[in-house]
Amino acid sequence: MSKVCPSCGSSCQDSQSFCPNCGAKLPASPAGQQNPPGWQSPPTWQQPTGNYQNQPPYGQNPQNPYGQNPPYGQSPQNPQVPPSNPNPYGQPAYGMGPGQQMAWFKFIIYFQLFASAVISLITGFMVLTGAHYGSDGEAEFVYAFFPGMSPVDKVYGVVLIALAVFAIVIRMQLAKFQAKGPKNYMAFLLANAVLSLVYVIAAAIALGELAGELDYSTYIVQTIWSAVLLIANYTYFKKRAGLFVN
């Protein structure tokens, strides 16, 4: 620090007691602000010369100041490009979290298709052997008086076994996110709905006058349930068509 001469206004060092210009006595420095011997005031800062305004600091690249690769293959011209292969279980979509949007899908591949395959397989073997009528004697009695029921049951049983195998194939396609998985699943639901309806009609024709004695409730419920599943799942998989690209 420095002090000003009260006589001539010259700038003097704090350590000087008399003005070197006019010789006037200089006022003493305030207590507690004496500087140590040899101390000098720091140099006044000056604006550096040259154009530093447009120079990136520390040798950084203006297009990539942090020296990192753009994430997900983005470019400076197109920084909003999403990941090319999003993880269907890790990307929230359609306003829902990953768990919510895939809950029904997991139910289909881990329970529904397996359960459908088991039920179709058991029912198919029962129809083929006539066990759905009760004992062996009852099946022979029905086929003896209504011979048309035998081929109807045989065809129905074979188709049910084929649908059981088809259900397992579809399950593997959906689990691997294959593009044909949702289409085959729609075909599976449609086949179940149509098969129950066709079997009821064929059985009614084979029974003739006793068609009214046949219990249609189970087949009607199965047809309606398959139709409801078909409509609901068509909308569900249509919204998620982008996930099934393999």
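Visitor: Okay, Cys19: buried or exposed?
Guide: Cys19 is buried, with a relative accessible area of 4%. Buried means under 20% relative accessible area, exposed over 50%, and partly exposed in between, with a 1.4 Å probe and protein chains only. Before we go on: this is a predicted model, where local features need pLDDT of at least 70, side-chain atom pairs count only at pLDDT 80 or more, and totals for chains, interfaces and linings use all residues. Residues are numbered from 1 along each chain as its sequence is written, and side-chain values use heavy atoms, leaving out hydrogens and water.

Visitor: Which cysteine sulfur is closest to the one in Cys19?
Guide: That's the sulfur of Cys8, 3.6 Å away, which is too far for a bond. A disulfide here is a pair of cysteine sulfur atoms within 2.5 Å, and by this rule the count is zero.

Visitor: And what about Cys5, buried or exposed?
Guide: Cys5 counts as buried, because its relative accessibility is 3%.

Visitor: Let's zoom out. How many helices and strands are there?
Guide: Five helices and two strands, in the order β-β-α-α-α-α-α along the sequence. Those are DSSP runs numbered from the N terminus: helices are H or I with at least four residues, strands E with at least two.

Visitor: What about the span of helix α4?
Guide: Helix α4 covers residues 180–207, and its 28 residues should span 40 Å at 1.5 Å a residue; the end C-alpha atoms are 40 Å apart, so that agrees. The expected span is 1.5 Å times one less than the number of residues. Just after α4, Gly208 takes a positive phi of about 65°.

Visitor: Switching to Trp225, where is that?
Guide: Trp225 is in helix α5, residues 217–239. Trp225 counts as exposed because its relative accessibility is 53%.

Visitor: And Ser226, buried or exposed?
Guide: Ser226 is also in helix α5, but counts as buried, at 6% relative accessibility.

Visitor: What does Ser226 contact?
Guide: Setting aside neighbours within four places in sequence, Ser226 is in contact with Leu189, Asn192 and Ala193. Contact means heavy atoms within 4.5 Å.

Visitor: Last one: how much of the protein is buried?
Guide: Buried residues make up 27% of the 246 residues. As for contacts between residues at least 6 apart in sequence, 56% join residues at least 24 apart.
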